[in-house]
Amino acid sequence: MTFAAEKDWRKLAHKALNGECLTQEEGLAVLESDNDEVLPILQAAFLVRKHFYGKKVKLNMIINAKSGLCPEDCGYCSQSSVSTAPIKKYTLLDKETLLAGAREAMSRKAGTYCIVAAGKGPTDKELEQVVEAVKEIRETMPLKICACLGILKDGQAEKLAEAGVHRYNHNLNTSKANYSSITTTHTYNQRVETVEKVKTHGMSPCSGVIIGMGETNEEIIEMACALRELDADSIPINFLNAIPGTPLENAGRTPAMKSLKVLALFRFICPSKEIRVAGGREVNLRSLQPLSLYAANSLFVGDYLTTAGQEVTADHQIIEDLGFEIEECAL
């Protein structure tokens, strides 16, 4: 009898807790399961999530520190050179604005503050601006700092680490085979190399995906396994928010039930890692957002880069109503 025929999803939980990776057959059984199976799948994923994180939820806040003006051609992004989306465009925010963002993160009960800048990678001047802001934030606020500045040149990772950046984000975004259909101005391997460089210099690696960009179910499994192999500590699972004016504007949305299956799959394959339900959750999960936290243990509060999130109080209320609790920042 195949695993799909047995439908004993708890076996996947036990396998994950024993440190074993799912087979492709098991992964496909999750992604291609009948929607009637979603609650048992989430219950199995919750066994794993609860083992490592209990009922705590980590909150993160993004600041769009540099918007638009990007030479890259990423098909999903409103800030890319090929996008005609009407967004705000500005150079790197000054230190006081970045500090004000950190204070806002604290008011939202976020433990991690994510400084994100559009572009292929930071100039030395931009890096110094971020470094100066990070140093002051670390001196005055109990926040973890995540930077997402693109591909790093030699010496830049060291400077960020020395300044006190805890985590560096550089998403794989999609599968290696699908990559050239989404982006041509850099390669999948360059992204992997940046994550490896971050690890070498002592920062926690954060790397995730965007679901809904034409990938197959087999490729979703491949993406999860690649992040397991990379040993990413934090894995943001974004669901494409198809923005008018971008090449992927007609891509549609991932159905809510499929989104939940994806989150469960990543929990089974990367059991001990921070799985974050990230960009596009409001558009794709819609009214089923609370169920996502049975697999994920982390989320963003507030707006994203150029798209709006839901009210922060609504996220706090979801956590409270589930009987979960916000995890306090522990430096």
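Is Thr 306 buried, exposed or partly exposed? In this predicted model, Thr 306 has a relative accessible area of 32% and is therefore partly exposed. The residue is found in the loop that runs between strand E9 (298–300) and helix H13 (312–322). When residues up to four places away in sequence are not counted, Thr 306 touches Asn 64, Ser 67, Ser 78, Gln 79, Ile 87 and Ile 243. The C-alpha atoms of Thr 306 and Cys 77 are separated by 9.0 Å, although the two residues stand 229 residues apart along the chain.

The largest nonpolar core holds 89 residues, of which Tyr 113, Leu 160, Ile 237, Phe 266, Phe 268 and Leu 293 touch the most other members. Helix H10 (residues 256–269) contributes eight residues, the largest share of this core. For Phe 268, with its neighbours within four places in sequence left aside, the contacts comprise Leu 12, Ala 13, Ala 16, Leu 22, Val 30, Ile 41, Ala 44, Ala 45 and Val 48. One of these, Val 30, is also among the buried residues of helix H3, together with Glu 26, Gly 27, Leu 28, Ala 29 and Leu 31. Helix H3 (residues 24–31) is mostly covered, with six of its eight residues buried.

Two helix pairs involve H10. Helix H4 (residues 38–53) packs with H10 at an angle of about 40°, the axes lying 9 Å apart, and H4 passes H10 in a left-handed crossing. On the side of H4 the contact is made by Val 38, Ile 41, Leu 42, Ala 44, Ala 45, Val 48, Arg 49 and Tyr 53, and on the side of H10 by Met 257, Leu 260, Lys 261, Ala 264, Arg 267 and Phe 268. Sorted by class, the contact of H4 with H10 has eleven nonpolar residues, no polar residues and three charged residues.

Helix H9 (residues 217–230) also packs with H10, at an angle of about 35° and with the axes 9 Å apart; the crossing of H9 and H10 is right-handed. The contact draws on Asn 217, Ile 220, Ile 221, Met 223, Ala 224, Cys 225, Leu 227 and Arg 228 of H9, which meet Lys 258, Val 262, Leu 265, Phe 266 and Ile 269 of H10. Ten of the residues in the contact of H9 with H10 are nonpolar, one is polar and two are charged.

A further pair is formed by helix H6 (residues 124–140) and helix H7 (residues 156–163), which pack at an angle of about 15° with their axes 8 Å apart. Because of this angle, H6 is roughly parallel to H7, and H6 passes H7 in a right-handed crossing. The residues in contact are Asp 124, Leu 127, Glu 128, Val 130, Val 131, Val 134, Lys 135 and Arg 138 of H6, with Gln 156, Lys 159, Leu 160 and Ala 163 of H7. The contact of H6 with H7 has six nonpolar, one polar and five charged residues.

Glu 126 also lies in helix H6. With a relative accessibility of 15%, Glu 126 counts as buried, because buried means under 20% relative accessible area. Apart from residues up to four places away in sequence, Glu 126 touches Lys 66, Leu 92 and Gly 121. A distance of 9.3 Å separates the C-alpha atoms of Glu 126 and Leu 149, which are 23 residues apart along the chain.

Several loop residues complete the description. Most residues other than glycine have a negative phi. Arg 286 lies in the loop between helix H11 (281–284) and helix H12 (289–292), where, at 51% relative accessibility, Arg 286 counts as exposed.

Ala 177 is situated in the loop between strand E4 (167–169) and helix H8 (188–200). Its relative accessible area is 61%, so Ala 177 is exposed.

Technical notes: Residues numbered from 1 in each chain as written. Predicted model: local features only at pLDDT ≥ 70, side-chain atom pairs only at ≥ 80, totals over all residues. Heavy atoms only, no water. Axes fitted to C-alpha atoms, helices over the stretch in contact; angles between N-to-C directions. Helix = DSSP H or I, 4+ residues; strand = E, 2+ residues; numbered from the N terminus. Parallel < 35°, antiparallel > 145°, perpendicular 65-115°, else oblique. Left-handed = near helix turned anticlockwise from the far one by under 90°. Contact = heavy atoms within 4.5 Å. Nonpolar A, V, L, I, M, F, W, Y, C, P; charged D, E, K, R; others polar. Core = buried A, V, L, I, M, F, W, Y, C linked by side-chain atoms within 4.5 Å. Buried < 20%, exposed > 50% of the residue type's maximum accessible area, 1.4 Å probe, protein only.
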